[in-house]
Amino acid sequence: MTTPSKVSAVAEITNDFKESNAAVLTEYRGLSVAQLKELRVALGQDTKFSVVKNTLSAIAAKEAGVEAFDGQLAGPTAIAFIKGDAVAAAKSLTDFAKANKQLVIKTGFFEGKALDAEGVAALAALESRELQLARVAGVLKAPASAAARIIDALRLKLEEEGGAPAPAAEEAPAAEEAAAEETAAPAEAAEAATEEN
């Protein structure tokens, strides 16, 4: 018999599936409450690790269009619903499973594609999003820092050769204006003298 609490539970799990970019199905037989809490902390705020009922999860997965868990929902089941960095979450799960053999990673999905246990391990082996972004930032930053070093080297060379500091980029236009005014002043004086004669 369907009860309001079961309907509500299915709706919540369905929503978790739909809002997640990845999910990992695990069996947690033998893990203590303290160990489950430790795993939740390791997964971070962007991953919801829920102990679920198999029958209700099967209904929710079907409603959400998730086929990766078909035939896999048996035993004490918990699902990691990942809404953030899937690589970091998969790494936390696999690291925890290595240290705690009671946690068994069964299957999962990532961006709509089904993953077996080896697929989850492969996802965990990738570089995290933060590391990838740091690499990109380093590549983008490199040309700017190289240009700054070249400009500084030129400035030092000019200082050594001229004995006086080279004008800074901001001072250069002012120096050019002053030179132009000095050139213009004698020309104006000569023009005035010609008019007087």
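This is a predicted model: local features need pLDDT of at least 70, side-chain atom pairs count only at pLDDT 80 or more; totals for chains, interfaces and linings use all residues.
A polar contact is a pair of N or O atoms within 3.5 Å; within protein, one atom must be able to donate a hydrogen and the other to accept it, and residues adjacent in sequence count only if both atoms are side-chain atoms.

Residues are numbered from 1 along each chain as its sequence is written, and side-chain values use heavy atoms, with hydrogens and water left out.

**Whole chain**

Start with the cartoon view. The chain has seven helices and five strands, in the order α-β-α-β-α-β-α-β-β-α-α-α from the N terminus. Helices (H or I, at least four residues) and strands (E, at least two) are DSSP runs, numbered from the N terminus. Of the 197 residues, 30% are buried; buried means under 20% relative accessible area, exposed over 50%, and partly exposed in between (1.4 Å probe, protein chains only).

Select Thr 14, in helix α1 (residues 4-19). Thr 14 counts as buried because its relative accessibility is 6%. Beyond its neighbours within four places in sequence, Thr 14 is in contact (heavy atoms within 4.5 Å) with Ala 60, Glu 63 and Ala 64.

Next, select Ser 20, in the loop between α1 and β1. Ser 20 is also buried, at a relative accessible area of 9%. Its side chain reaches the backbone oxygen of Asp 16 at 2.6 Å. Not counting residues up to four places away in sequence, Ser 20 touches Phe 81, Ile 82, Lys 83 and Phe 109.

**Helix α4**

Now select residues 86-99, which are helix α4. The expected span of a helix is 1.5 Å times one less than its number of residues. For the 14 residues of α4 this gives 20 Å, and the end C-alpha atoms are 20 Å apart, which agrees.

Asp 85 caps the N-terminal end of α4, with a side-chain oxygen 3.0 Å from the backbone nitrogen of Val 87.

Colour the buried residues of α4, among them Val 87, Leu 93 and Phe 96. The buried residues of this helix pack against β1 (22-27), α2 (33-43), β2 (47-52), β3 (77-82), β4 (104-110) and α5 (117-125).

**The cores**

A nonpolar core is a set of buried Ala, Val, Leu, Ile, Met, Phe, Trp, Tyr and Cys residues joined through side-chain atoms within 4.5 Å. The largest has 24 residues, and Val 24, Leu 39, Phe 49, Leu 93 and Leu 103 have the most contacts inside it. Two or more residues come from each of β1, α2, β3, α4 and α5. The largest share, seven residues, comes from α4.

Select Val 24. Leaving out residues up to four places away in sequence, Val 24 touches residues including Phe 69, Ile 79, Leu 93 and Val 120. A second, separate core of 16 residues includes Ala 23, Val 52, Ala 60 and Phe 109.

**The largest pocket**

Finally, select Lys 91, Thr 94, Asp 95, Ala 97, Lys 98, Ile 105, Ala 117, Ala 121 and Ala 124, which line the largest pocket. Of these lining residues, α4 gives the most, with five.

Notes: On a 1 Å grid over the protein atoms alone, a cavity is a set of points where a 1.4 Å probe fits but cannot get out, and a pocket is an open set with protein on both sides within 12 Å along at least five of seven lines; lining residues have an atom within 4 Å of a point.
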